[in-house]
Amino acid sequence: MNMNWYDLTFYVFAALTIISAIGVVFARNIIYAAFSLLFAFFGVAAIYVLLAADFIAITQILLYVGGILVLIIFGVMLTSRAYDVEAKHGLLQIVPAVFVVGAIAGTLIGVLTTTKWPVTNSLPYEETAKPIGALLMTQFVLPFELASVLLLVALIGAVMIARRDRVRKG
Amino acid sequence: MSETVMSLHVGLYHFLIVSAILFSLGIYGVITRKNAIMVLMGIELILNSANINFIAFARFGLMNLTGQVVALFVIILAAAEAAVLLAIVLNIFQQLNTVNVDEVDKLKN
């Protein structure tokens with residue numbers, strides 16, 4: 001039972017992530033769910049750090065916490081009639097949902113834990129930003145460019161969808 | 001590095017189990033929530049769990065850095081998807097004054 005600091009850190013952040021995710025799924029108030037999601041994203045970023053993915057962890061914090069979560073909170077504020085509106089929690093097939101999710105979780109954990117994955121020996125910890133940049137410019141240059149075009153199209157499309165009403169009236 | 005499931009020493013399996021739990025919680029959120037924004041939060045949880053898998057196999061498996069690059073693309077797609085979905089939700093709210101996915105059934109009739 002000799003746990004080192006790595007294991008302890010992993011268990012702390014895994015618990016943070018899962019408890020926050022439970023908060024997201026079960027919170028009655030939509031604002032509480034959004035703030036639980038914040039902690040879940042931070043926990044996942046910490047797990048990325050433990051997996052020696054420093055660049056992805058920073059990207060996770062910048063994009064998810066700084067971008068997507070702010071978008072979600074704006075969506076909550078713009079679409080809730082009152083601040084403290086109930087999140088219209090469930091009553092939408094709770095019992096079948098529990099069975100389906102239990103089946104999915106059981107199958108996933110069973111398959112993931114009984115499979116013998118081809119595992120390499122522990123790799124050294126080294127910075128990943130430079131090799132990821134090199135990969136993006138060589139092997140993955142086509143998906144990289146496609147992603148940039150996709151982002152542009154998606155953002156312009158989002159603006160157009162959200163503003164169509166006003167443009168038509170004006 | 002221990003390769004057994006029951007060991008307290010953290011290995012690949014621990015990350016996979018965390019990812020599976022996150023995935024299941026996300027599915028539960030997507031199924032049970034009525035509010036479209038809550039459904040989006042469930043989808044974000046699912047995408048994060050997939051990313052944990054990619055990066056876990058990048059560290060422990062034979063994927064090297066490819067897994068991390070794929071995770072990067074997943075994050076980019078998640079950003080685009082969230083922006084488009086929220087635009088659609090805002091438009092639905094302007095038109096129908098609701099964001100509950102079970103009340104938006106105009107195409108049914």
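Student: What makes us call H2(B) mostly covered?

Tutor: This is a predicted model, in which local features need a pLDDT of at least 70 and side-chain atom pairs count only at pLDDT 80 or more, while totals for chains, interfaces and linings use all residues. Residues are numbered from 1 along each chain as its sequence is written, whereas chains are lettered from A and ligands numbered from 1 in the order in which they are written. A residue is buried if 20 or more other C-beta atoms, placed from the backbone, lie within 10 Å of its own, exposed if 12 or fewer do, and partly exposed in between. By that rule 22 of the 25 residues of H2(B) are buried, and this is what the words "mostly covered" rest on.

Student: Why is Val39(B) called buried?

Tutor: Val39(B), which sits in helix H2 of chain B, has 20 other C-beta atoms within 10 Å, so it is buried. Apart from its neighbours within four places in sequence, Val39(B) is in contact with Val30(B), Arg33(B) and Val101(B), where contact requires that the C-beta atoms, placed from the backbone, lie within 7 Å.

Student: Why is Ala52(A) called partly exposed, and why is Asn97(B) called exposed?

Tutor: Ala52(A) has 19 other C-beta atoms within 10 Å, so it is partly exposed, while Asn97(B) has 10 of them within 10 Å and is therefore exposed. Ala52(A) belongs to the loop between H2 and helix H3 (54-79) of chain A, and Asn97(B) to the segment after H3 of chain B. Each is a residue other than glycine with a positive phi, which is about 65° in Ala52(A) and near 60° in Asn97(B).

Student: How many helices and strands does chain B have?

Tutor: Chain B has three helices and zero strands, and from the N terminus on its elements run α-α-α. Helices here are DSSP runs of H or I with at least four residues, strands are runs of E with at least two, and both are numbered from the N terminus.

Student: Is chain B spread out or compact, and what makes you say that?

Tutor: The radius of gyration, taken over C-alpha atoms, is set against a globule rule of 2.2 Å times the number of residues to the power 0.38. For the 109 residues of chain B the rule gives 13 Å, whereas the radius of gyration is 18 Å, well over that value, so chain B is more spread out than a compact globule. Along the principal axes, its C-alpha atoms fill a box of roughly 55 × 30 × 20 Å.

Student: Which residues of H1(A) are buried?

Tutor: They are Phe10(A), Phe13(A), Ala14(A), Thr17(A), Ser20(A), Ala21(A), Val24(A) and Val25(A). Their arc around the axis is only 140°, which puts them on the same side of H1(A); the arc is that of the directions from the helix axis to the C-beta atoms. The face turned away from this buried side carries the exposed residues Trp5(A), Leu8(A), Val12(A) and Ala15(A). What covers the buried residues includes H2 (30-50) of chain A, together with H1 (12-32) and H2 (36-60) of chain B.

Student: Why is H2(B) called roughly antiparallel to H3(B)?

Tutor: Axes are lines fitted to C-alpha atoms, for helices over the stretch in contact, and angles run from 0 to 180 degrees between N-to-C directions. Angles under 35 degrees count as roughly parallel, over 145 as roughly antiparallel, 65 to 115 as roughly perpendicular and the rest as oblique. The axes of H2(B) and H3(B), residues 66-96, come within 9 Å and cross at roughly 175°, which makes H2(B) roughly antiparallel to H3(B).

Student: At what angle do H3(A) and H2(B) pack?

Tutor: Their angle is about 170°, with the axes 11 Å apart, and that makes H3(A) roughly antiparallel to H2(B). Ile56(A), Ile68(A) and Ile72(A) are among the residues of H3(A) that meet H2(B), where the residues include Ile37(B) and Leu40(B).

Student: How many residues does the contact take from chain B and from chain A?

Tutor: It takes 67 residues from chain B and 73 residues from chain A. H3(B) gives the most to the side of chain B that touches chain A, with 21 residues.

Note on methods:
Contact = placed C-beta atoms within 7 Å.
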